[in-house]
Amino acid sequence: MPSPRYRRLWKWLRPGLHVKRWIVTLILGFILLLVAVEVILLDLLKTQHVDLIATPAWMLALGVPRALWVVSGAFVGVLMIVVSIVKLNQSLLSPFIEGKATDVAHELLAHHTRKGGPKIVAIGGGTGLSTLLRGLKEHSSNITAIVTVADDGGSSGRLRKELGVLPPGDFRQCIAALAEDESLTTALFQYRFSAGDSLKGHAFGNLFIVAMAGVTGNFETALLESGKVLSIRGRILPSTLQDVTLCADLRGEREVTRTVGESEIGHSTLPIERVYLDPDAPAAYPEAVRAILDADLILAGPGSLFTSVMPNLLVPGIADALRHSRAPKMYVANVATQLGETVGYDVHDHMAAIERHVGKGVFNYMLVNSNTSPLLPPDYTIKILVPDGERPDYELVRADVIDVNKPWRHDSKKLGRAVMNFVEGRRVPRTFENFNAMPAPATR
């Protein structure tokens, strides 16, 4: 009985693959080209040997010069080689690119360019993180998104309470943002049911991730397998696997009040004095720590400062890894203030809030929007943030990253280009000297 190796080889000889004919054509083209080249070299070297290829009798009868048929043979050989290579490419790649109007050479070059791109870690959650990832995936496939697990609202909150799983919503958005092709499959992943007592309000992707967690046995593997469905460029990790609740102290006129739950904090009308996790020291997810220590660049934000970015930084292991990392660490500031969280803030107030929670020196750069020409209506409560003045503890990186149609948000393509311009201009060589200096991350 033939071995598996020979059985695999035999499959290539089966009819209907549209491969064998072009392989034969390729071989014949090479033979014809080599014969023509050999004849030309023999003539040039004035060899005394008998010519291996004599002019055919029918060409002599027609008076066709020797040089003409040699050149013609070389031309036909080259043409056969080119045509067979093109047809082989089409036959071999058609199952993977059928229905796509794509330039194979361009896609191949882009794939290898992204594969050799910098190792970028993006920390955050919500719409802001997915916007950043959507811009970064065009430049690098070595992306790691570290996502908050404090979400307790909407579909994610319901699934979290009913099934005891980590909230899948922010992970779903990141998977969709990093998808190879944001088309029908991504739209399906983002689809939200609008009817049915049990399904209304749920996103299909959330249900898919939860179902995958049940099939695979854990949430981390569910993220990996869900990412494979959409062929994402990069990977998505939780900052912690513990069930945490985000709490906030709000500054009232006479006293400080406590609010529990990420969804409640975002709708508060009182200034946020501080946020914290319950329990207050959850173990960091080990792979997230390793990704930070191995990164070429670390980004936090954009997005809701207190409910998307800060919950990740409040995980002690994540903050410690950031301090030990030698990579450039950049906070991506929002382009506008946010109701319920940062009304009245300027750009530097955002960084001051981070330093108030996790200490100074965690971030040494802040990316700020430099295009302040778009104006919001006068009755808007939110305001476009204007980068004004420098600070000694961190450097401002200015770039036009605003979405002109929605000036309170980032443009993903502009943001991706701004980050890559920073990487190319100021990349710090990676070093592993601090990897062993970190205490081993806690496991589950």
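These legends accompany close-up views of a predicted model.

**View 1. Gly 169 in helix H8.** Gly 169 belongs to helix H8, which covers residues 169–177. Gly 169 has a relative accessible area of 5%. Buried means under 20%, so Gly 169 counts as buried.

**View 2. Partners of Gly 169 from elsewhere in the sequence.** Leaving aside residues up to four places away in sequence, Gly 169 touches Ser 156 and Asn 206. His 202 lies 33 residues from Gly 169 in sequence. In space, the two are 9.5 Å apart, C-alpha to C-alpha.

**View 3. Cys 174 and Cys 247, two buried cysteines.** Cys 174 has 0% relative accessibility and is therefore buried. Cys 247 has a relative accessible area of 1%, so Cys 247 is buried too. A search for disulfides across the whole structure finds zero.

**View 4. Helices H13 and H15 cross.** Two packed helices are described by the angle and the distance between their axes. Here, H13 spans residues 286–293 and H15 spans residues 316–324. Their axes come within 9 Å and cross at roughly 15 degrees. Angles under 35 degrees count as roughly parallel, so H13 is roughly parallel to H15. The crossing of H13 and H15 is right-handed.

**View 5. Residues at the contact of H13 with H15.** H13 contributes Ala 288, Val 289, Ile 292 and Leu 293. From H15, they meet Gly 317, Ile 318, Ala 321, Leu 322 and His 324. By class, the contact of H13 with H15 has seven nonpolar and two polar residues. No charged residues take part in this contact.

Definitions and conventions:
Residues are numbered from 1 along each chain as its sequence is written. This is a predicted model: local features need pLDDT of at least 70, side-chain atom pairs count only at pLDDT 80 or more; totals for chains, interfaces and linings use all residues. Side-chain values use heavy atoms; hydrogens and water are left out. Helices (H or I, at least four residues) and strands (E, at least two) are DSSP runs, numbered from the N terminus. Buried means under 20% relative accessible area, exposed over 50%, partly exposed in between (1.4 Å probe, protein chains only). Contact means heavy atoms within 4.5 Å. A disulfide is a pair of cysteine sulfur atoms within 2.5 Å. Axes are lines fitted to C-alpha atoms, for helices over the stretch in contact, and angles run from 0 to 180 degrees between N-to-C directions. Angles under 35 degrees count as roughly parallel, over 145 as roughly antiparallel, 65 to 115 as roughly perpendicular and the rest as oblique. A crossing is left-handed if the near helix is turned anticlockwise from the far one by less than a right angle, and right-handed if clockwise. Ala, Val, Leu, Ile, Met, Phe, Trp, Tyr, Cys and Pro count as nonpolar, Asp, Glu, Lys and Arg as charged, and the others, Gly among them, as polar.
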